[in-house]
Amino acid sequence: MATTRKLVVEVVDAKDLAPRDGQGSSSPYVVIDYYGQRRRTRTIVRDLNPVWNETLEFSLAKRPSQVVSDVLELDMFHDKNFGPIRRNSFLGRIRLGSGQFVSKGEEALIYYPLEKKYLFSPVQGEIGLRIYYSDELPPPPSPSPALEPVPEEAKPVEVETPKETADPPPPSPAQDPPAEVPVPNEEPPVEATASTPPTESPESSAAGSENPPAVDPETAEKQADADQPSLAANQPEGDDIVREPRDPAPPPPSPIPEVTISRSVSGSIPETKIGGIGAPQPIRRTMSETASYTSEISDASTIERTTFDLVEKMHYVFVRVVKARSLPISGNPVTKISLSGTQIRSKPARKTTCFEWDQTFAFLRDSPDSSSSILEISVWDSDSPAGSDAASFLGGICFDVSEIPLRDPPDSPLAPQWYRLEGGGAHHGDLMLATWTGTQADESFPDAWKTDTVGNVNARAKVYVSPKLWYLRATVIEAQDVLPPQLTALKDATFQVKAQLGFQVQKTKPAVTRNGVPSWNEDLLFVAAEPFTDQLIFTLEHRTPKGPVTVGKVRVPLTAIERRVDERHVASRWFGFEDTSDEKRGFRSRAHLRLCFDGGYHVMDEAAHVCSDYRPTARQLWTPPVGTMELGIIGCKNLLPMKTVDGKGSTDAYTVAKYGPKWVRTRTVSDSLDPKWNEQYTFKVYDPCTVLTIGVFDSWGVYENDVGKEATRPDLRIGKVRIRISTLETGKPYRNTYPLMMLGNGGVKRMGEIELAVRFVRSSQPLDLLHVYTQPLLPLMHHIKPLGLLQQEMLRNNAVKIMSVHLLRSEPPLRPEVVRYMLDADSHAFSMRKIRANWLRIVNVIGGMIELVRWVDNTRLWKNSTATILVHALFVMLVWFPDLIIPTLAFYVFVVGAWNYRFRSRAPVPHFDPKLSLADTVDHDELDEEFDVVPSNRPPDAVRARYDKLRAVGARVQTVLGDMAAQGERVQALLTWRDPRATGIFVGLCFVVALMLYLVPTKMVAMALGFYYFRHPIFRDRKPSPALNFFRRLPSLSDRIM
């Protein structure tokens, strides 16, 4: 049964509105316009923080077909009937696009700040809304009452319409609820066709019927007011907007199609509607045009680019075997197809009226113009006894490959034809098939049997989508009545709450109580994936010397938990504990909990520095994409054999790419050290400062049916490549070869090379793309209520486990070892190599500052007299004209950046650097320590040696930290009088400097200090400066460390 889709807007409340009634308050109401459909709420009298809790519905059927994006307009006014003013005063407005509309079940209460209509409009406050799409089944038709006979000439015309497209008949003008309202005084004018309901005019009549009695519009309007007395009772006197009733009764179904003829505003051509089903239907448009109100369902609603312009074309000979007829057998025949030395066999046919296969086969060819060969297709009886080849052969067909037609999309698929079988036992048998030459862009290619994949079903290319992950925040506040009344005052009792969601278990801190009311007030965070099918279980444990004793349990379905997208307060609830023991107690314990899904966070599943998506979970907070990233996976070269099959090395390689929630997997090329894929994929880019990850793996799934238990072996890693989107120029294709390297216990091993092509295409305005660089990287909730580092790492590990389980359920499955490797689940393991590499990175960063200090020191020592004289001139200019300091620095940075543009890197897109990672020079013992598991399984002597080495490194770090602390303590000692003489000297010197600066101009003092600093070496002393000697003599707390 067809469903009716509506846009539902829940107007909850508003906060901190501007006063408008002249008495420090306002009487607000809300008017919402959605393409001519106007709804309004009731008026809240004299309240700056009104609460409505009203639901307004809008039909998507009235949405114009020419509109590309939905716009919902909300205006808030002060009711003129409550106060001394004579017109409705404007309180604020908001305009929302379709990107903030979600499906039912994903809605959340969001507060939108009210916007001004004009520049100087005194508007303040915010309004809380829930907006979502709702799909409802139409009500069942009620039995039609008995009708009086209608004359033949008065019978209406019956119009047959399918159930899927039939709309319910519109109610009569007298019964139509006043859903469309006129415009208030403060609103801009709206076309009458969008706000005025159609009424019958005396000039209009139904085709083929007698003229009905004319109905005057004023009479119909009065009759409508008389039929709805409750509506008028709720409307303030003198109001010019009719409010929609809260629960309008559905209009009675009309027994016959109603004929409505309404004249347009211009009066040129009347518009005819027969029962609402004869109106002209909107022209069906492409997905990209209708994606404005369906984009909340899936990111795939927009048509992606299908041109394979980044990869090479691979030509295949496609053979589609459909069915056969008139075969002289009763079993299940098979077909055998042979081309260029490759012979394959189809599955047994299923018997219906014919013998059906409906299988497609793809044979790889170097080019469509290669040397001519013969395609042989034969039909065999699979039930014939062994050795009777002549009896089992039923017939065959031969094709010259050079005569097979070439097809390239968007050409339509080639229609299969019947061909007479020749040379076998089926003298009158026919085989229906189609054969053509195409490329990997053919729509039959993904599901076809391919020669390079050996027909393995798990070797097909697939696209996966990560599950939508939420942070579940459970706040355990307190519990009551956890002990019988006779035991509450005897002694202290310790209680603890354990919360469990699937494999995730967290506990609160123990709470000691004497009155049976323990209190915790702790936040516990979990990761939950849609769809929500689990339960959150709270277990109250009484900690005794003999062990924990379970007092009770609380089970909360995840579907009953509220969602939020900001830091607003969520109401807490009381939950009763289930008594797990058999004893029936006279009291019942209960827990005070606050539960919510935090949609304002981004659930981290990747390391923060290589993340591919920073969007929050709540779809309402998403911004439009700024571009599209196209990835072409061409192939690999010189791969190493990863396993041994039948005495020889073999590699069955496939590639996995991950960006955002989208995973792509190429087909598995069987037994090839130089596999070619030439597959192209498209990803939406919401933030250019993200990273695309491509990994290459060796599959064991090709041997699932042959090896049996060996199919459980994990897929082996071959290598990984990362590409940062922000390093790509807009619109420029990059095609490069990247080395595949693996770091193991034996050092860096080159596994081969992979050839990739990438291109970033901007889809937004240039200023929108530049505006992204000014926004915070993580959503706002990460800054308002940040998570701790240990908490983030724990939640990330849980997210990786949930995602691994989810992708393992796909077909073909994406194995957990692949997911963990792509997400860098083990990237935070301890490594001495990474410590030294990070230290060298720090030295490299501060190397520029060190070079600047050396240049200044060489200048003050007059090693380059010309440079020193120029510095003196520049110094004099900046001292006498200090306003030029900042412009001069800015211009200097501009010149340096423009100069370095000439020497920018023209190398391929950056990837893993073994030299930067110190992977080439690392000690083997350090690598063995890096890849050791926790707890270690190495011999005790090796573990003791590593511990001693770590102690030596720790001693050096300890010395550096002590020196840094000592310098800071010397600065503090300047004014703490720990050394009375030193502090006295410093304070007295400060007093003298203050008097000098009061008496002598600042420019003169700066000039004197500058010339003193840059004085010639003949005027210098070799000893350190007195100021440095004074600072080094200040006391620190190092002498107090034991």
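Which element gives the largest share of the lining of the second largest cavity? Keep that question in mind while we take a walk through this predicted model, beginning with the protein as a whole.

The protein has 1042 residues, and 41% of them are buried. Its chain forms 18 helices and 42 strands. Among contacts in the protein with a separation of 6 or more, 71% join residues 24 or more positions apart.

Now for the cavities. Rolling a probe the size of a water molecule over the atoms shows where empty space is left. In this structure, two cavities of 30 Å³ or more turn up. The second largest cavity has a volume of about 30 Å³. Around this second cavity you will find Val476, Glu478, Ala479, Val497, Trp520, Phe538, Phe577, Ala591 and Leu593. Two elements, strand E23 (469–480) and strand E32 (590–598), each give two or more residues to that lining. Here is the answer to the opening question: E23 supplies the largest share, with three residues. What classes of residue make up the lining? Nonpolar residues number eight, there is one charged residue, and no polar residue takes part.

Gln124 lies in the loop that runs between strand E8 (110–113) and strand E9 (126–136). Although Gln124 and Ala18 are 106 residues apart along the chain, their C-alpha atoms are separated by 5.7 Å. Setting aside neighbours within four places in sequence, Gln124 is in contact with Asp16, Leu17, Ala18, Leu91 and Leu114.

Our last stop is a pair of cysteines. Cys596 has a relative accessibility of 2%, so it counts as buried. Cys636 is buried too, with a relative accessible area of 0%. How many disulfides does the structure hold? A disulfide is a covalent bond between the sulfur atoms of two cysteines. The structure holds zero of them.

How values were computed. Residues are numbered from 1 along each chain as its sequence is written. This is a predicted model: local features need pLDDT of at least 70, side-chain atom pairs count only at pLDDT 80 or more; totals for chains, interfaces and linings use all residues. Side-chain values use heavy atoms; hydrogens and water are left out. Helices (H or I, at least four residues) and strands (E, at least two) are DSSP runs, numbered from the N terminus. Contact means heavy atoms within 4.5 Å. On a 1 Å grid over the protein atoms alone, a cavity is a set of points where a 1.4 Å probe fits but cannot get out, and a pocket is an open set with protein on both sides within 12 Å along at least five of seven lines; lining residues have an atom within 4 Å of a point. Grid points are joined across faces, edges and corners, and a volume is the space filled by probe spheres set on the points. Ala, Val, Leu, Ile, Met, Phe, Trp, Tyr, Cys and Pro count as nonpolar, Asp, Glu, Lys and Arg as charged, and the others, Gly among them, as polar. A disulfide is a pair of cysteine sulfur atoms within 2.5 Å. Buried means under 20% relative accessible area, exposed over 50%, partly exposed in between (1.4 Å probe, protein chains only).
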